[in-house]
Amino acid sequence: MKLFSTALFAPIQYFAHLTTEDQALIEINCHYARRTYRNRYVILGANGPMALSVPVEKIHGQKVPTRDVTIAYDTPWQDLHWKSIVSAYNSSPYFLYYRDDFEPLLQKSWKYLIDLNSAVTEVCLRCLDVDTTLNYTKQYVSPTEDDLDLRDLIHPKKELSSDPLFHPVAYRQVFNTDGSFIANLSILDLIFNKGPESILVLKDSLKSTL
């Protein structure tokens, strides 16, 4: 089985792995770490890649399980995120088709980060027409030799070359006017640009074996 961290509008690499599985295990009992895809995703705007983060309540000097991390609402981050998404993808081929799937996710007041992430991932899978079953850890899982541990492998600071199974496939991006494809953005970038063909890109991006 493949082991995943929880993620918010996860990158294409994440979904390339996720959509090959009948079942996937999502880790929610690890210690929460900042600057990961747990609360961060990257879209492509007119000025280049744009990182958007969901603020979480401050954690003071203690290690907190990811399942217990709560979202902060001191700033109007939901409005900022949606306005940024609209600005980036309003002219993409499939934005109008899928916007009603995603806008409600950023209107609801979620308490726990994992609940937002779970809802987002389920909606993304539905848009991709993929029926992977998501299971969540009851306690921290130590991988066996039969597991593929992607929890730390899929990370903003990790080079894509560290994942020998994943090889990005280029597709047309709205603001990619000079032909310099930006790989491994949020799954939103792929869905809004490729729509029903997104699953083909995901399958072509992943080798089944080394």
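A search of the whole structure, which is a predicted model, finds zero disulfides. Cysteine 124 takes part in no such bond, and the nearest cysteine sulfur, that of cysteine 127, is 6.5 Å away.

**Cysteines**

- A disulfide is a covalent bond between the sulfur atoms of two cysteines.
- The sulfur of cysteine 127 has its closest cysteine sulfur in cysteine 124, and the separation of 6.5 Å is too far for a bond, because a disulfide requires the two sulfur atoms to lie within 2.5 Å.
- Cysteine 124 has 0% relative accessibility and therefore counts as buried.
- Cysteine 127, at 12% relative accessibility, also counts as buried, since the limit for that term is under 20%.

**Aromatic rings**

- Twelve aromatic pairs are found when the whole structure is searched.
- A pair of aromatic rings is described by the distance of the centres and the angle of the planes.
- One aromatic cluster is formed by Phe9, Tyr41, Trp82, Tyr89, Phe95, Phe102 and Phe192.
- The ring of tryptophan 110 has the charged end of lysine 108 sitting over it, 4.2 Å from the ring centre.

**Helices H3 and H5**

- Two packed helices are described by the angle between their axes and the distance between the axes.
- Helix H3 covers residues 95-102 and helix H5 covers residues 187-194; their axes come within 8 Å and cross at roughly 140°.
- This angle makes H3 oblique to H5.
- On the H3 side, the contact is made by Phe95, Tyr98 and Phe102, while H5 contributes Leu188, Ile191 and Phe192.
- Phe95, Phe102 and Phe192 take part in this helix contact and are also members of the aromatic cluster.

Conventions:
Residues are numbered from 1 along each chain as its sequence is written. This is a predicted model: local features need pLDDT of at least 70, side-chain atom pairs count only at pLDDT 80 or more; totals for chains, interfaces and linings use all residues. Side-chain values use heavy atoms; hydrogens and water are left out. Rings of Phe, Tyr and Trp (its six-membered ring) pair if their centres lie within 6.5 Å; planes under 30 degrees apart count as stacked, over 60 as edge-to-face and the rest as tilted. A charge sits over a ring if NZ of Lys or CZ of Arg is within 6 Å of the ring centre and within 35 degrees of the ring normal. Buried means under 20% relative accessible area, exposed over 50%, partly exposed in between (1.4 Å probe, protein chains only). Axes are lines fitted to C-alpha atoms, for helices over the stretch in contact, and angles run from 0 to 180 degrees between N-to-C directions. Helices (H or I, at least four residues) and strands (E, at least two) are DSSP runs, numbered from the N terminus. Angles under 35 degrees count as roughly parallel, over 145 as roughly antiparallel, 65 to 115 as roughly perpendicular and the rest as oblique. Contact means heavy atoms within 4.5 Å.
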